[in-house]
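Follow the stops in order.

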Amino acid sequence: MSKRRCIEKIFLGIIIVLIISLVFIVSNSTRNKRDLQVRNDVYSIEREKIEGVQEAYNVTINYPQFDSTDKADIDIDRVNALIKDAAFSMYGKTSVDAIVVLEEELQDSHSFEGSLIDYDILQLEKDYISMVFTIDYCVGGPSYMHQYPVTIDIKKGEYIYFNDSVDLNEVLKVLRSGSFEVYAGTYSEFTDEDAHGQDAISRFAETFEEQISKSIMKGSFDRFSSQNIGIDEQYIYIFFPLEEGISFHGYYILCVPRNLLD
C-alpha cells in the first residue's frame, strides 16, 4: 500500500470517528433536553349560570408537568405530584383532596366561583425547577390575587425551602441595605421607590425574620409559608405576608441578588 493511500485511510478514519462523536453528543444533548422538558397541564371545571336556578362556577388551574424521563435517579411521578399539589393548594392539602372539594362544590347549584391559577417558570435546571404561581379569584365581590413561589429538587423529589439553601442573616443584611428588587406587592399608590424607603425596608426585614421563625417545613404544601422560595440565575425570591397598609394584597415577594449572598 502506498504511503499516500495509507494517509488517506487514516484521515478517513479520523473523519468517521469525529462524525460518530458528534452524533453521540447531539443525541445525548437531545435526550437530556427531552428529560428536562415540561408541558402545560390544565384542570378546568365549570358550570354555566342559569338565572334563578344556579350560579356560574368556573375554576381553571394551569400547572407544569415533566414528560417521562429515562433517568433512573429521578422519580418523575413524585416531582409532578409535588408541583400539582402546590398548584392546587388553594383548595386542599393535596391535588387529590382539592379535586374532591371542587367537584363537590360544582354539585351545589348555589355555589359561585370564578378563579384562574397560572404560573411562570423562573428557572429549570437539571437539579431543580422553580416557579411562581398566581391566583386570580372572584366570588362576587372584590377580586383576590395571591402569588407564591415554589422550588422543587428534581433528584430528591422534595420542596426546596429557605432554610435548606439560604442563610437568614445574609438575606437580612441585603434587605436592610435596600439592595433588592420588588417582584410583587407594590401598587399604584405605593411605588417601588416607596418600597425602598427606610421605614419600608425596616418593616420588610423585621416581618420576614418573624415569618421565617413561624414557618414550618413539614407536612403538606403551605402557600403562605415564608419558607417557600424561588430561584433563578440572578435572584433568590423570598415571600412573606404583610398586612396593614403597604401591600395591596397582603404579601410581598422580593428578589434578593444571589451575588450579594455569601
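**Stop one: a parallel pair**

Select β2 and strand β3 (residues 113–124): they pair in the parallel sense, over five bridges. Strands pair if DSSP finds at least two bridges between them. Strands (E, at least two residues) and helices (H or I, at least four) are DSSP runs, numbered from the N terminus. Click T60: L116 in β3 stands opposite.

This is a predicted model: local features need pLDDT of at least 70, side-chain atom pairs count only at pLDDT 80 or more, and totals for chains, interfaces and linings use all residues. Residues are numbered from 1 along each chain as its sequence is written, and side-chain values use heavy atoms, with hydrogens and water left out.

**Stop two: the other partner of β2**

S44 has T60 in β2 as its bridge partner.

Is β2 buried or exposed? Nine of the ten residues of β2 (residues 57–66) are buried, so the rest of the structure largely encloses this strand. Buried means under 20% relative accessible area, exposed over 50%, partly exposed in between (1.4 Å probe, protein chains only).

**Stop three: an open sheet**

Now select β7, β10, β9 and β8. In that order, these four strands form an open sheet with antiparallel pairing. β7 (181–184) and β8 (229–231) are at the edges with a single partner strand each, so one side of each has no neighbour in the sheet. Three bridges link β7 to β10 (residues 251–257). Find V182: its bridge partner in β10 is L254.
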